[in-house]
Each structure stands twice: as structure tokens, then as C-alpha cells.
Amino acid sequence: MSTKPICENWFVTEKINDWLYLLSEPHYYWWNRANLWLIKGQKQDLLIDTGLGVSSLRQHIASLIDKPLLAIASHIHFDHAGGMHEFDHRAIHAAEAKALETGDDHEALCTAEQGWVLEEHFEQLPHADFTVTQYTLHAAEPTQVLKEGDVLDLGDRAFEVLHLPGHSPGCIGLYDAKSQDLFSGDVVYDGELLDQLHCSDIPTYIQTYERLQKLPVDTVYPGHYSIFGRSRYQQIMAEYLEAKRKPGCPAEQRL
């Protein structure tokens, strides 16, 4: 029986500005703690990523929702797609739609053998019955399957879906060309980038970064850690590309 305390509130909410809220799970390991972004639109709201799914995100944000809401998984990994089953309208890229529909723990990186969901990563427990050994990705059939070039129109602003594989096959970003805001999921963030998972592909990641280097971006709202701007965005990608293009790197063969 766990002696860890049960938390009173699993989620915290930070208002970034009039149209954006950041939700996070502070009692979970900071290194893998995802940023969940709630975008308030004129005629529709977007929720980018849904966290671990161990407590009700839908209930937590209920007071902030006053129009139709689309929950989007930036990719299938458990720290981003764990709560997708809670929402009536669910979207994910076509490459990972089947994994969400079937609740594929292997693709979500949450089987016991993969070792990503660990007891020590929970400083407090979301509820009294919670156990790491029973953790699973709940199957949830997507109501919308996303592809490159799709546009999500919120009335007062629009986001283009960018297919940005490398970290996983179905990674996406959401890009507002007018404001040059990029919600980048796990494609670009200011921390250790994971490109050696079973679902990762370094040459594909390189192609994605070569594409993103040409994209005008003012602000990045990433899947982990802090918001950052244009300079750091370019620096992160340049450093990654330099490291992966060094002699002896498998990706060198295609350059």
C-alpha cells in the first residue's frame, strides 16, 4: 500500500493571456510533465494535449469552457494523449489514429516493459485507488483525423496543421501564420529531445527541422518546459542539426 499523500488538486491552471491557458500536472515528474494548452476561440476552443489521464481534466476545465471544444493529441504518447477518452470531440494525426482508437500501450510508451511510467514519478497520487501497474492508455476513437494542411478555424484566428514526424510518426504542430505562433508538441522544446524511441527516426527528424527552420515563428508554445521565442527556436534546431550531422552519425549518409 502506498504511503504517498493523495493530492487535493491534480491540475494547476495558469492564464497566459486572454485567449490562452496552460494546464499542467505538478505532482508528476517535471522531466516528463506535459504542457496542456487551452486556446479560447471566438466560435470554438482547442485543447492541445490532455496529459496522463489519471484525473479528470474535463472536470477541471469545465468552468473555462463555454463553446464547442476539440481535444487534439499532438501525438500518441501517454503524457500527451492519456486523457483523450474524456472528450466528445477528439483529433489526432492519421499516422497515430489507430493507436488511439485501440488504446495501444506500446505506441503510447506506457507498457511496463518500456519503463516510462514509474512509481517514483508520482510525488502525490491523483486518487486513493491509483496504481502505476494498472496504468493504461484508454481507447478512444478519433472523431477527426488530421492531416498536413488542415485548418482549424476558431472564428477570430486559424491554425494550420503541420505534420512534423521524427519524434513519432504522427507528431503535429499547430501554426497560426498571422501571429506566427507555433504549438509544437514534442517536435521542438527547450530540453532533451528524444529521437531514439522505437517510434523515432533521426533522418526524418532532420527533414522536419530543415523545414521548420524556414517557418516564420515568433513564439513557441511547446509540449514540455517553457515558452520561448524566435531566437531560441532557431538555436535549438541549429544545435540539433549540427550534432546529428557530425561524421559517423547515421543521418550523415543522406546529406
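**View 1. Both faces of strand β2 are covered in this predicted model.** L20, L22 and S24 on one side of β2, and Y21 and L23 on the other, are all buried (under 20% relative accessible area with a 1.4 Å probe, protein chains only; exposed is over 50%, partly exposed in between). In a regular strand the side chains alternate between the two faces of the sheet. Because five of the five residues of β2 are buried, this strand is largely enclosed by the rest of the structure. Strands here are DSSP runs (E, at least two residues) and helices likewise (H or I, at least four), numbered from the N terminus. Residue numbers start from 1 along each chain as its sequence is written, and side-chain values use heavy atoms, with hydrogens and water left out. Local features need pLDDT of at least 70 and side-chain atom pairs count only at pLDDT 80 or more, whereas totals for chains, interfaces and linings use all residues.

**View 2. Strand β2 runs antiparallel to β1 and to β3.** Five bridges join β1 (residues 12–17) to β2 (residues 20–24); strands pair if DSSP finds at least two bridges between them. A hairpin through two residues links β1 to β2, and N17 stands opposite L20. Four bridges join β2 to β3, where L38 is the bridge partner of Y21.

**View 3. The largest nonpolar core has 63 residues.** Such a core is a set of buried Ala, Val, Leu, Ile, Met, Phe, Trp, Tyr and Cys residues joined through side-chain atoms within 4.5 Å. L47, F78, F122, Y209, L212 and Y233 have the most contacts inside this core. Elements that give two or more residues to it include β2, β3 (36–39), α4 (202–212) and α5 (230–244). A second, separate core of 19 residues includes W37, I72, F159 and I172.

**View 4. Surroundings of L212.** Leaving aside residues up to four places away in sequence, L212 touches L164, V187, V188, Y233, Q234 and M237 (heavy atoms within 4.5 Å).

**View 5. The lining of the largest cavity has 15 residues.** N32, D79, D186, L194 and H224 lie nearest the centre of this cavity. On a 1 Å grid over the protein atoms alone, a cavity is a set of points where a 1.4 Å probe fits but cannot get out, and lining residues have an atom within 4 Å of a point. The lining divides into eight nonpolar, four polar and three charged residues.

Notes. On a 1 Å grid over the protein atoms alone, a cavity is a set of points where a 1.4 Å probe fits but cannot get out, and a pocket is an open set with protein on both sides within 12 Å along at least five of seven lines; lining residues have an atom within 4 Å of a point. Ala, Val, Leu, Ile, Met, Phe, Trp, Tyr, Cys and Pro count as nonpolar, Asp, Glu, Lys and Arg as charged, and the others, Gly among them, as polar.
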